[in-house]
Amino acid sequence: METNLSRRNFFNRSIPGIAVLASIPSIVSACIPDGSPAGMPKILSKGDILLFQGDSITDAGRDKEMGFPNNPRSFGAGYAFLAGSVLLNNFPELDLKLYNRGISGNKVYQLSERWNKDCLDLHPNVISILIGVNDYWHKRNGRYDGTVQVYEEDYRELINRTSKQLPEAKFVIGEPFILSNTSAVDETWAEPFNEYQLAAKKIAGEFNAVWVPFQEIFDEAVKYAPETYWTSDGVHPTMAGAQLMAEAWLKSIE
């Protein structure tokens with residue numbers, strides 16, 4: 001009897017979390033229109049090299065000494081690993097080669113400083129970038145003096161430079177996001193940070209990039225569970241948040 005009660009209590013405690021996870025496809029569908037019926041990514045072709053780039057959200061604790069394609073230790077434990085795993089599992093016929101080169105703490109200018117080694121030398125056909133939260137956060141805490149104008153100009157120059165050297169490359173640009181009522185983020189972030197989000201979206205439009213509306217996705221998600229369910233500090237996703245990001249990314253590229 002005690003065992004049955006314990007088991008029942010476990011399932012009762014687990015039901016809210018299960019319900020939220022079951023709702024993740026609904027959250028994503030509410031924000032991103034349906035893509036191709038078969039879910040086949042339109043921007044990918046057989047033999048493509050796909051590169052994930054960004055800061056700690058993309059880095060997700062990856063082993064930077066490894067750096068191999070399609071290797072779990074090289075991908076960390078974040079949305080890039082989850083999204084990449086789905087692509088490799090669902091579309092083996094594409095024979096994709098996937099890399100993660102996100103580095104924690106990076107701002108746009110730091111991507112640019114390492115771009116030859118961590119992008120151009122890999123000759124990617126598809127480049128997914130999520131960058132921006134540190135460009136504002138580090139300015140806010142006095143560790144950086146860049147402005148939103150610097151962010152936009154540096155970002156545009158980075159994509160321009162890449163397009164000139166890899167003219168066939170396609171881009172996926174993720175919207176930098178925050179959630180308030182968390183340990184690092186409060187409501188005073190919203191207005192100034194929105195300028196960075198608008199700059200990123202503007203650049204996505206200029207270069208005909210796939211846009212992943214992460215902020216919209218997380219804003220929808222907090223209707224189902226509190227902010228700290230999706231991100232521990234308002235910036236870095238939890239396990240549920242990483243899964244939400246992965247599904248949003250995958251649906252965006254359909």
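Biologist: How many aromatic pairs does the count come to?

Modeller: This is a predicted model. In it, the count comes to 15 aromatic pairs.

Biologist: What makes Phe 52 and Phe 75 a pair, and why is the pair called edge-to-face?

Modeller: Two values decide. A pair of rings is described by the distance of the centres and the angle of the planes. Ring centres must lie within 6.5 Å. Those of Phe 52 and Phe 75 are 6.1 Å apart, so the two rings pair. Planes over 60 degrees apart count as edge-to-face. Here the angle is 80°, so the label is edge-to-face.

Biologist: What does the pair tie together?

Modeller: Phe 52 sits in strand β1 and Phe 75 in helix α3, so the pair ties together parts that are 23 residues apart in sequence. Both Phe 52 and Phe 75 are buried. They also belong to one aromatic cluster, with Tyr 79, Phe 177, Phe 214, Phe 218 and Trp 249.

Biologist: Tyr 79 turns up in helix α4 too. How do you know that the length of α4 agrees with what a helix should span?

Modeller: Take 1.5 Å a residue. The 12 residues of α4 should then span 16 Å. The end C-alpha atoms are 16 Å apart, so the two values agree.

Biologist: Which residues of α4 are buried, and why do we say that they line one face?

Modeller: The buried ones are Tyr 79, Ala 80, Ala 83, Gly 84 and Leu 87. Seen down the axis of α4, they fall within an arc of 120°, so they line one face of the helix. An α-helix has 3.6 residues a turn, so residues three or four places apart point the same way. What covers the buried residues of α4 includes β1, α3 and α12.

Biologist: How do you know that helix α9 has a buried face?

Modeller: Its buried residues include Phe 193, Tyr 196, Ala 200 and Ile 203. Down the axis of α9, the buried residues fall within an arc of 155°, so they line one face of the helix. On the other side, Glu 191, Leu 198 and Gly 205 are exposed. Among the elements covering the buried residues of α9 are α7, α8 and α10.

Biologist: Now the charges. Why is the contact of Lys 64 with Asp 59 called a salt bridge?

Modeller: The nitrogen must be within 4 Å of a carboxyl oxygen. The closest N and O atoms of Lys 64 and Asp 59 are 2.8 Å apart, so the pair is a salt bridge.

Biologist: Are Lys 64 and Asp 59 buried or partly exposed?

Modeller: Buried means under 20% relative accessible area. Asp 59 has 3%, so Asp 59 is buried. Lys 64 has 43%, so Lys 64 is partly exposed.

Biologist: What makes Arg 101 and Asp 118 a salt bridge?

Modeller: Their N to O distance is 3.6 Å, and the limit is 4 Å, so the pair counts. Arg 101 lies in the loop between β2 and α5 and Asp 118 in helix α6, so the pair ties together parts that are 17 residues apart in sequence. Arg 101 and Asp 118 are both buried. With Arg 114 and Lys 117, they are linked in a network of salt bridges.

Notes: Residues are numbered from 1 along each chain as its sequence is written. This is a predicted model: local features need pLDDT of at least 70, side-chain atom pairs count only at pLDDT 80 or more; totals for chains, interfaces and linings use all residues. Side-chain values use heavy atoms; hydrogens and water are left out. Helices (H or I, at least four residues) and strands (E, at least two) are DSSP runs, numbered from the N terminus. The expected span of a helix is 1.5 Å times one less than its number of residues. Buried means under 20% relative accessible area, exposed over 50%, partly exposed in between (1.4 Å probe, protein chains only). The arc is that of the directions from the helix axis to the C-beta atoms. Contact means heavy atoms within 4.5 Å. Rings of Phe, Tyr and Trp (its six-membered ring) pair if their centres lie within 6.5 Å; planes under 30 degrees apart count as stacked, over 60 as edge-to-face and the rest as tilted. A salt bridge is a side-chain nitrogen of Lys or Arg within 4 Å of a carboxyl oxygen of Asp or Glu.
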